[in-house]
Amino acid sequence: MGVRTWITSWPVYRQITGGDPLGRGPAAKSRRTERIDPRVATADRVVRSVCPYCAVGCGQNVYVQDGRVTQIEGDPDSPVSRGRLCPKGSASLQLTTGPAREQRVLYRRPYGTDWERLDLDTAMEMIADRVIEARRAGWQWEVGGKRVRRTLGLASLGGATLDNEENYLIKKLFTALGAIQIENQARI
Ligand code: SF4
């Protein structure tokens, strides 16, 4: 490659002299990247969604191929985020398909040093037993002569990945159980 060809192929030169002054289009491409298709190009469909990680609620485009999520990117049409995602939201693909995502129930007994696998029905029974026991142990009919009918044995702290509907149901459930400490991380 001659010096002149080398200079004119340099991205900065192309950015300054071409029609891409911000260097976000053709000026940033090499011959190799021009031949590469983006990984979203082969998606069968795009599902619009909302990032589940925090209360900002950035819009996401979820790319699906053969029934599997292949990529998640910011939705340019979202009035909230206009196509942007923070590093956490940009890594949402790992939330759905990452190998580190645990798909089975794991349980560590009191004083246990290892995790045990449980089937879901057993785990649900154990949780129900503990909820009933804690509710009963912390139950108060009256405080200072006033009827309260509540339990201090239960509390709920939701995470930011819970959506509106899940939070609604959690609030209903815990209030029905008599709990008064019901909070969500996204509000703290
Ligand atoms: S992309 Fe980041 S800022 Fe936006 S909702 Fe997700 S976690 Fe929050």
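Two strands are taken to pair if DSSP finds at least two bridges between them, strands (E, at least two residues) and helices (H or I, at least four) being DSSP runs numbered from the N terminus. The model is predicted, and local features need pLDDT of at least 70, side-chain atom pairs count only at pLDDT 80 or more, and totals for chains, interfaces and linings use all residues. Residues are numbered from 1 along each chain as its sequence is written, and side-chain values use heavy atoms, with hydrogens and water left out.

An open sheet of mixed pairing is formed by three strands in the order β6-β7-β8, with β6 (139-143) and β8 (179-184) as edge strands that each pair on one side only. Strand β7 (residues 146-158) runs parallel to β8 and is joined to β8 by five bridges; L157 has E183 of β8 as its bridge partner.

Helix α6 (residues 120-137) lies across β6 and β7, at about 140 degrees to β7.

The ligand is surrounded by C51, Y53, C54, V56, G57, C58, L85, C86, K88 and G89, a residue being near a molecule if one of its heavy atoms lies within 4 Å of it. By class, this shell comprises seven nonpolar (Ala, Val, Leu, Ile, Met, Phe, Trp, Tyr, Cys and Pro), two polar and one charged residues, with Asp, Glu, Lys and Arg counted as charged and the others, Gly among them, as polar.

Technical notes: Contact means heavy atoms within 4.5 Å. Axes are lines fitted to C-alpha atoms, for helices over the stretch in contact, and angles run from 0 to 180 degrees between N-to-C directions.
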